[in-house]
Amino acid sequence: MSSEKIEHKKSAAQKVSTAGSFIAGAAAACIAVTVTNPIEVVKTRMQLQGELSGKTGQKIYTNPFQALKVIFQNEGIRGLQKGLSCAYIYQMGLNGCRLGFYEPVRYQLNSLIVSNGQDPHKLQNPIINVFSGAISGIAGAIVGSPLYLVKTRMQSYSSHIQIGQQTHYKSFIDGLTQIYKKEGGIMGLFKGVDAAILRTGAGSAVQLPIYNTAKSFLVNGGLMKEGTALHLTASLISGIGVGIVMNPWDVILTRVYNQQGHSYYTGPIDCMKKTIKSEGVMALYKGFGAQLFRIAPHTILCLTFMEQTMKIVVAVESKLTA
């Protein structure tokens with residue numbers, strides 16, 4: 001009887017299988033990216049703006065809202081949704097791993113290190129939570145790196161306002177093909193994966209831990225009850241935290257990916273050094289407003305929909321195993 005009660009108290013994320021968790025995380029991320037892709041285009045271009053041109057570089061895009069307007073006026077809805085098909089597949093790989101593998105990794109680490117006979121699902125060890133987020137995020141970054149590479153170049157390209165190096169691809173398949181043929185085969189496709197690992201590892205290390213901590217604080221403090229409002233609030237807090245931690249690595253990743261070959265940078269550390277030297281430390285926070293404008297709603301939508309997709313997957317799995 002007691003074991004049945006424990007099982008009843010488990011969340012959907014704790015009951016779902018690893019495969020089901022991957023599917024639920026990927027589905028939630030795809031729903032979110034449909035809404036947030038336009039601001040991702042804006043963020044990419046703002047991060048490339050004034051690249052290595054000193055602190056007085058030209059500013060075509062002054063803020064996220066003005067940038068959305070300029071891109072729409074010149075390129076229409078298609079311009080704002082550049083790279084969307086590529087973003088879908090990327091999100092499946094990245095967030096399928098990042099969101100889907102977090103709980104299984106956390107469970108295994110709790111079981112091996114700190115459980116002491118307690119239910120590993122219930123333990124909330126901050127160090128293990130951060131480590132689990134980093135592991136799942138790094139796995140997603142590696143899987144999704146070629147797609148993010150193509151997506152960055154597709155979003156930076158414009159026939160009207162040229163920011164950064166310009167590379168035109170007819171589709172993400174064309175992009176993958178061109179990179180494979182012209183930039184070193186498989187190694188070319190995974191160019192910049194070290195920068196992706198740094199960016200995604202940093203963001204993932206704080207995303208779900210902040211989300212879970214915020215939920216526990218709000219519920220245990222009697223401030224909120226379980227439900228959609230709680231998920232939205234915790235997601236917003238998590239999104240802000242992710243934006244602050246991840247933005248410098250995001251700027252570096254965008255610039256490393258957008259370059260042809262190694263024309264500007266030999267790697268992420270070289271990019272950081274040259275960016276700071278040419279544009280100052282605050283250049284690492286270029287596009288920060290767009291980052292928050294993107295990451296907050298993306299995190300809210302992603303984590304909120306994940307709660308629902310997890311429940312759907314659990315229900316399907318229960319029927320299949322009944």
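Tyr90 is buried, and Tyr148 is buried as well (buried means under 20% relative accessible area, exposed over 50% and partly exposed in between, with a 1.4 Å probe and protein chains only). The model is predicted: local features need pLDDT of at least 70, side-chain atom pairs count only at pLDDT 80 or more, and totals for chains, interfaces and linings use all residues. Residues are numbered from 1 along each chain as its sequence is written, and side-chain values use heavy atoms, with hydrogens and water left out.

**Aromatic pairs**

- The whole structure holds 5 aromatic pairs (rings of Phe, Tyr and Trp, the last by its six-membered ring, with centres within 6.5 Å; planes under 30 degrees apart are stacked, over 60 edge-to-face and the rest tilted).
- One of them joins Tyr90 and Tyr148 edge-to-face, at 4.9 Å centre to centre and 65 degrees between the planes.
- Because Tyr90 belongs to helix H5 (residues 84–98) and Tyr148 to helix H7, this pair ties together parts that are 58 residues apart in sequence.
- Tyr264 and Tyr265 have ring centres 5.8 Å apart and planes at 75 degrees, so this pair is edge-to-face.
- Tyr264 is partly exposed, at 32% relative accessible area, whereas Tyr265 is buried, at 0%.
- One aromatic cluster is formed by Tyr90, Tyr148 and Tyr257.

**Helices H6 and H7**

- The axes of H6 (residues 102–114) and H7 (residues 126–156) come within 9 Å and cross at roughly 135 degrees (axes are lines fitted to C-alpha atoms, for helices over the stretch in contact, and angles run from 0 to 180 degrees between N-to-C directions).
- The two helices, H6 and H7, are therefore oblique to each other (under 35 degrees is roughly parallel, over 145 roughly antiparallel, 65 to 115 roughly perpendicular and the rest oblique).
- On the H6 side the contact includes Tyr102, Arg106 and Leu109, and on the H7 side Ile128, Phe131 and Ser136 are among the residues (contact means heavy atoms within 4.5 Å).
- The residues of this H6–H7 contact comprise 8 nonpolar, 5 polar and 1 charged (Ala, Val, Leu, Ile, Met, Phe, Trp, Tyr, Cys and Pro are nonpolar, Asp, Glu, Lys and Arg charged, and the others, Gly among them, polar).

**Helices H11 and H12**

- H11 (residues 228–258) and H12 (residues 268–279) have axes that come within 9 Å and cross at roughly 105 degrees.
- H11 is thus roughly perpendicular to H12.
- Trp249, Ile252, Arg255 and Val256 of H11 meet Pro268, Cys271, Met272, Thr275 and Glu279 of H12 in this contact.
- By class, the H11–H12 contact has 6 nonpolar, 1 polar and 2 charged residues.
- Helices here are DSSP runs (H or I, at least four residues), numbered from the N terminus.
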